[in-house]
Each structure stands twice: as structure tokens, then as C-alpha cells.
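Hello,

Here is the structure I promised to pass on. Have a look at it first, and my notes on its aromatic rings follow below.

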Amino acid sequence: MWELWSDGATPYSENGQKWELLKVAIKVSKGFRLDRPAKCPKPIYVMILNLWCNNPRHRPRSSEVGKMMDRRHQLHSMRSVSSDHDLT
């Protein structure tokens, strides 16, 4: 999900250099999380953070993620339609 919202940026990298796997594992185990991509809406980023929860039982199920994405898509579609028909 993070890669989609970051336009395909490489996660866990600095100055174009990918982190070593051990560095990623250590930092993530200590609570490090990737920053919110600029184009990513805050509610989506919150969902992404939940997907990264250390305890798998606390992660949202794929069905929950799908429902959230459907709701976001419907909201976006409604906004697009209403702005297309703005009568003011």
C-alpha cells in the first residue's frame, strides 16, 4: 500500500540506497514506520500503520481493508460527480 501512495518509491532507503535487511528488521522491531507519502490521505495512512502492527491479531483483515477502500472510492466518486454538476 505504501508503495502505491508514494508513486513506487523504494521503501526503507536513504539517498537512493536501500537499507540492509538487518537494519530494516531492527528499526521496525523498535517501532520505526515509514512516513506518510505526500499524496496519501491521512485515513489511508492510519490504515497502513494498522497493517504494520507488530501483533498480527490487531491488523485489519483484508475484507476490512477492501471495505475501507470501497468507501474511499465511493466518497471520491460522489465528490467528483457533485463538482461536475456544481450549479453555483
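Let me start with a charge: the charged end of Lys27 sits over the ring of Phe32, 5.2 Å from the ring centre. (For this, NZ of Lys or CZ of Arg must be within 6 Å of the ring centre and within 35 degrees of the ring normal.) Lys23 likewise lies over the face of Trp19, with 4.5 Å to the ring centre.

This is a predicted model, where local features need pLDDT of at least 70, side-chain atom pairs count only at pLDDT 80 or more, and totals for chains, interfaces and linings use all residues. Residues are numbered from 1 along each chain as its sequence is written, and side-chain values use heavy atoms, leaving out hydrogens and water.

Now the rings themselves. Searching the whole structure gives three aromatic pairs (ring centres within 6.5 Å, using the six-membered ring of Trp; planes under 30 degrees apart are stacked, over 60 edge-to-face, the rest tilted). Tyr12 and Trp19 have ring centres 5.8 Å apart and planes at 50°, so they form a tilted pair. Trp19 and Phe32 are tilted too, because their planes stand at 45°, with centres 5.3 Å apart. Through ring pairs, Tyr12, Trp19 and Phe32 are linked into a cluster.

Trp19 is buried at 15% relative accessible area, while Phe32 is partly exposed at 27% (buried is under 20%, exposed over 50%, partly exposed in between, with a 1.4 Å probe and protein chains only).

Best wishes
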